[in-house]
Each structure stands twice: as structure tokens, then as C-alpha cells.
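Please look over the sequence and the 3D structure shown here before reading on. The notes after it are meant for someone meeting this structure for the first time.

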Amino acid sequence: MAASDIYKKVVPDVIHGPITLTRVESRIIESAYYQRLRWIKQLGFSFYIFPGATHTRFAHAMGVTHVMDKVLRSIGKAVPEDKLYNTKNFEDKTVFHRTQRLAAMLHDIGTFPFSHTIELAYINHWRKQVQHRGASKGLAANHENLGIHIINNTDFPGGITRILKEEGIDPEELSKVIVGESQSILANQLLHSDMDADRMDYLLRDAYYTGVRIGLYDMDFLIQNLTVSTVDGQEILCVREHAINAVEYFLFARYSWYSQIINDGTGYKFDLMAAKIHEYFLENGLAYSFEQLIQQVSQNPNEYFTFNDSYFMAKLHEYLAGRITHPVIRELSEMLAYRQPPKQIKITPVEPTLIESEEHRQKLIQEVTLAAHWLKDQLKEIAPKAWMIFDIPRRDVMFTKNYDTIRKDAKGSSLLTTRDPIKILNRHNEPKLLIDISNSLMKILSDYRNFIPRIYVSAETYDLLQKKKVLDAMKAGAFRSVG
């Protein structure tokens, strides 16, 4: 092996310290597709609440790559550095190691401006199109499909597909790992499970940049206690029994982080406003459609590069300058631009609630929807021009999946070979589900989820609703008498 065959590039990171890259990773980073991530904030508009939360998807993806490498080394699935960084080594174990690192590095390559904020607008717009046409219309408009399209349809100089092929990586197999559909359960778990490399990085990174320490946990201890077991001929990721408390602390941290920082109030109100504005842009042909983005990926990479936070803000500034004619969108645009928060109506049943079953959830959705429609009718009478943003979460905040959900995922196979739930390897080298451990709190808490519906109005509308006693009537359950 010649010294010239070894390629290493070191990038400093505030969370993990030095991150060392392979040649294929370094080449991908220099592409227009990856550089775009430098201009996309990790937490959307959360920086309106936490001024330091301006970190990017680029930094997060680099961090996940580093964490993935640490995990692979801990479970014995990594190759020595002289093989990993050897540009002429294409042994199966080396390719597996590189593929997992690349999956970590590229899992967010299709991220939308302000991350999940603007993606929500595309998802809502796509769902309305599907409902209107009565059938599916192309790819679902989300960052996973956009990212997989980039990985598989850029086979030209500077394209990610071309780089991967030249470096001995199969784009299709890599794509399967990224979406969690590889034939290897272990490969899927490392990036898609209740305790994967993605979550390990963003909890620490987001806690650091927001200044809120809820998401902190002992990453090194957890990684040191990861191991591999075999079930039905498949390797699965496990945690050693004596680290159960650390695992549960990790799940507590994630649950608390999402419940308090991400989903309940704080910056999410601005995210919803931004999504509402961009959905208006989409409905009126004022922003790139998802189909146009798909075309740009392969036909105009430079134009696709501009689809970042600056793209949305430029649109916002353009319409703030006087071209918005829709009164509601203009008001929302001004509020978003000048950080004027809406008022949240947090009155039963529109408030965070722990749910215990799908039946309980559906009952709450019905009641929350009834309350929202009633409130909308009240607004039509007392303030016809007032706006209201109503949001029901499609996914609830949970500690981990319960037995019923795991059984559905298993589809008749062993519960231990399902991808997402954490498995514990006991002192007898027997793998068990974490929720099956007798002294695990998750055995109980897995049955509970935090359902967080939201209604937002302007401050003026909120004051009017109070003055007219509408909120008092809502609190007293007046909406239940409708119909």
C-alpha cells in the first residue's frame, strides 16, 4: 500500500471535535447538492426563540457521519483506518463501513428550506392535490424522496450518483439504507431506530446551540454498550443490560425535547406561519413545485442550489415590498418577518394531552376538529377577515413504540427483528425488547403519547375573542352543542 493511496480530510466540529472524512465523502461535500445544506437552518425558525439556534443541516449531517463511525467501531463492524481511507480498497467490509457513513452523511441531502418548516408546506400541498384528484400524483413531496432522487439521478460530472459510482458505492443500496429498507436489519437500525446515529447527534447539537440542556445524555457510555446479536439469521443492534438506565434517560431526553422545545409553542408557531405562507406560494404558482425541484436536480444543479433558506426569505421580502395582494398572507408575512408571534389558544380540548390508544387519539381529533370548526364559525360572525391556523399533528411525541405497534410492524415475523424498538442483550446473551424488561419504565411509558394540537390567531383576534366571551364559551364546551 502506497502512502499516496491514503486520503484523509479533517474537519473541526464544535460537538465532536475533529471529524475525519474519506475521499468519497470529501468529494461529495464539494458538490453543489451538499454545499446547499450550509444555507439551511437545522431548527427552522427556532432561532426566533433561541438566538443561538442558527446551526445548519450541513453541520448536523457531518456530525451524524462521525457518530455512525463511532457506533460501527463499537459493535465491531468497522474496518481499520488503513483500509477505510485507502482509496484502492474495495473489500466488502470496507464498502459496508463506507456505505453506512455515507448513509449518515446523505440522509438529509433533500432537506427543504428551514428544514421541516417548508417541507410541511409541500406535504400539505401534495396531500390536497391527491385528495382533489382522487389518486396519487407522483412522488410524495417530502425530503426523503427528493434526497433519494438526488442520489440516483445525478450521474454526470459533479453529480452525487457519478461520485458514488466512481468510488465503488452502489447508489441504490445506499438509498435503501437511507430510507431504512435495506435487507440488513442492522444497517437500517444504525440510521432508523429509537436510538440511531441521527438522533444521537441532533439531541446534543440542538441542546448546545439552543442553550437548553434538556436533550443532553451520555453518548459515549451508550455507544460503548452497543453490541450485535443474531435473531433468525439476522444481525440486530442491541444495548447491554447494565446500560438500561442510560438508554431510558436517552429516550426521556428525546421525549422532553420534542414535547417542550420542538412541538409545544416556542418556535413552532413561526414554523407554522412560514408553512402557511409557502403553501400559498405553491397554490398560486409563486414558488418551485415539487415536480420542478425534481427536474432541477438533474437538469440545473445551480438553480437547485438556490433552493435554501435564502430562497424562502427572498420570496418573503419580495412580497413584503408590496406585491402581496392576499390580506391574510400579507399579515402573516409581516408578522413572520418582524417576529410578531401569534397567540395560541390553549383551551380544552385543544391542549397537549397524553393519549393511551388509537381510539383515544381519534376521539380527541374529532373533538379538537369540532372545536376548531366552531371557533372558525364564531370568527366569521365577529371578525370575517380574521385568520386562524389550525394544526393536528400527524405523529405524536412518544418514548418508544408499544407492543401493539411493534406487532403490526413485525407482520408475523419475530418482534426482535423489527427495526425501530431498542433491544437489550441480557447477561445470558439473550436479546429482549426494552419494553419487555420487567424493571424498565418503558414497559409502562410506551403506552403513552403526547398529542399536541394547536390553534393560532393574531393578538388582535385573541383580544376580540376574549372581549366577546368566545373563549369562555369554548372553555365551557359550547362547541359540543353544535349540530
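This is a predicted model: local features need pLDDT of at least 70, side-chain atom pairs count only at pLDDT 80 or more; totals for chains, interfaces and linings use all residues.

What follows is a short briefing, arranged by topic, on a few places in this structure.

**Helix H7**
- Helix H7, which covers residues 143–152, is largely enclosed by the rest of the structure, because 7 of its 10 residues are buried.
- At the start of H7, asparagine 142 brings a side-chain oxygen to within 3.2 Å of the backbone nitrogen of glutamate 144.

**Threonine 117 in helix H6**
- Threonine 117 has its place in helix H6, which is made up of residues 116–133.
- The relative accessible area of threonine 117 is 5%, and since buried means under 20%, this residue counts as buried.
- When residues up to four places away in sequence are not counted, threonine 117 touches Gly44 and Phe45, and also Asp271, Ala274 and Ala275.

**Glutamate 331 in helix H18**
- Glutamate 331 belongs to helix H18, formed by residues 327–337, and it counts as partly exposed, with a relative accessibility of 27%.
- Apart from neighbours within four places in sequence, the residues in contact with glutamate 331 are Trp387 and Ser458.
- With tryptophan 387 there is a polar contact, in which the side chains of glutamate 331 and tryptophan 387 come to 3.1 Å.
- Leucine 320 lies 11 residues from glutamate 331 in sequence, and the distance between them in space, from C-alpha to C-alpha, is 9.5 Å.

**A sheet of 3 strands**
- Three strands form an open sheet in the order S6-S11-S8, and their pairing is antiparallel.
- Strand S6 (353–355) and strand S8 (397–398) are the edge strands, each of them pairing on one side only.
- Between S8 and strand S11 (residues 449–451), the antiparallel pairing runs over 2 bridges, and methionine 398 stands opposite arginine 449 of S11.

**The second largest pocket**
- The second largest pocket holds about 180 Å³ of space.
- The residues that line this pocket include Ile185 and Lys401, together with Asp409, Ala410, Ser413 and Ser414.
- Also in the lining of the second largest pocket are Thr417, Thr418, Arg419 and Asp420.
- Sorted by class, the lining of this pocket consists of 4 charged, 4 polar and 2 nonpolar residues.

Terms used
Residues are numbered from 1 along each chain as its sequence is written. Side-chain values use heavy atoms; hydrogens and water are left out. On a 1 Å grid over the protein atoms alone, a cavity is a set of points where a 1.4 Å probe fits but cannot get out, and a pocket is an open set with protein on both sides within 12 Å along at least five of seven lines; lining residues have an atom within 4 Å of a point. Grid points are joined across faces, edges and corners, and a volume is the space filled by probe spheres set on the points. Ala, Val, Leu, Ile, Met, Phe, Trp, Tyr, Cys and Pro count as nonpolar, Asp, Glu, Lys and Arg as charged, and the others, Gly among them, as polar. Helices (H or I, at least four residues) and strands (E, at least two) are DSSP runs, numbered from the N terminus. Buried means under 20% relative accessible area, exposed over 50%, partly exposed in between (1.4 Å probe, protein chains only). Contact means heavy atoms within 4.5 Å. A polar contact is a pair of N or O atoms within 3.5 Å; within protein, one must be able to donate a hydrogen and the other to accept it, and residues adjacent in sequence count only if both atoms are side-chain atoms. Two strands pair if DSSP finds at least two bridges between them.
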